[in-house]
Amino acid sequence: MPFSHELNDRQSARVIEQAIRAGTPMRLDPHYANGGDALSVQLFDDSEDRLTFRLDAKQAALAEKFIPGQYCQVEFSLNGAVYMVSVHIMEIDAALGHLITSWPKMVQLLERRKFIRTHLAMHSAVTVRWLEQDRAAEASLFNIGGGGLALKISRDFSDTIHVGDLMEAAFELPGLPKRFTFKVSICNKTVASDNASVIVGAQFQEMPESGQAGALDELRRFLATQQQATLAR
């Protein structure tokens with residue numbers, strides 16, 4: 001059974017319009033790949049092929065922490081169904097607590113809640129390759145979800161990676177005899193608790209031209225199985 005159903009353009013526009021009209025509360029997760037907390041937002045405008053979100057009044061000051069180009073995952077419930085969109089920040093109005101984002105490439109109707117971050121019992125090695133350079137480096141997989149992953153790297157290494165960079169990540173997971181290779185977009189960087197490492201969050205590239213839809217589906221099925229097993233313990 002698929003994890004989600006992708007709506008067509010007309011259906012997507014209708015869902016977004018209904019969410020605005022209903023004042024639907026939403027969860028915007030700017031760090032879904034590296035363990036940060038989701039924020040409460042409300043979508044109130046979709047003009048000029050952009051979406052404008054208003055942060056909850058108690059969290060409005062957090063708007064200034066966002067970075068243009070940063071990817072976010074937005075999830076909301078409407079008429080008994082759960083939807084998800086992925087967008088990137090285009091403009092920030094910290095004074096008003098507004099975030100202006102790109103129009104999502106698609107709206108996904110989730111058949112069950114997904115993309116829960118999974119911390120693996122054993123950290124896996126990840127080979128990171130620059131797409132525009134003949135260069136690769138090794139990192140440690142910090143956590144992973146259906147939408148992206150987080151890497152733990154040295155601070156020196158982190159200086160060579162920038163938010164918005166497109167890279168390739170190759171890794172294996174315990175219990176799955178396959179090596180995955182995904183194109184990813186760097187979303188954020190956070191200094192780790194040891195103050196000597198950096199957690200780098202990256203989003204899987206899901207455009208049709210990326211050619212990795214089948215592998216992502218396989219990864220998501222595997223992660224869902226692991227999560228269900230954990231909950232059953």
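## Buried phenylalanines

In this predicted model, Phe171 and Phe182 are both buried. The two residues form a tilted aromatic pair, with 6.1 Å from centre to centre and 50° between the planes. Phe171 belongs to strand 12 (residues 166-173) and Phe182 to strand 13, so their contact ties together parts that are eleven residues apart in sequence.

Phe182 also pairs with Phe180, and here the arrangement is stacked: the centres are 5.5 Å apart and the planes make an angle of 15°. Because buried means under 20% relative accessible area, Phe180 falls in that class at 1%. Phe182 is likewise buried, with a relative accessible area of 1%.

## The aromatic cluster

Six aromatic pairs are present in the structure. Ring pairs join Phe171, Phe180, Phe182 and Phe204 into a cluster. Phe204 is in strand 14, where this residue is the bridge partner of Val184.

Strand 13 (residues 176-191) and strand 14 (residues 197-204) run antiparallel and are joined by seven bridges. Both strands belong to a barrel closed by six strands in the order 9-10-11-14-13-12, with antiparallel pairing. From one strand to the next, the twist averages 45°.

## Arginines over aromatic rings

Two arginine placements concern ring faces. Arg54 lies over the face of Phe44, at 4.2 Å from the ring centre. Arg135 lies over the face of Trp130, at 4.3 Å from the ring centre.

Key
Residues numbered from 1 in each chain as written. Predicted model: local features only at pLDDT ≥ 70, side-chain atom pairs only at ≥ 80, totals over all residues. Heavy atoms only, no water. Pairing = 2+ DSSP bridges. Helix = DSSP H or I, 4+ residues; strand = E, 2+ residues; numbered from the N terminus. Axes fitted to C-alpha atoms, helices over the stretch in contact; angles between N-to-C directions. Phe/Tyr/Trp six-rings, centres within 6.5 Å; stacked < 30°, edge-to-face > 60°. Buried < 20%, exposed > 50% of the residue type's maximum accessible area, 1.4 Å probe, protein only. Lys NZ or Arg CZ within 6 Å of the ring centre and 35° of its normal.
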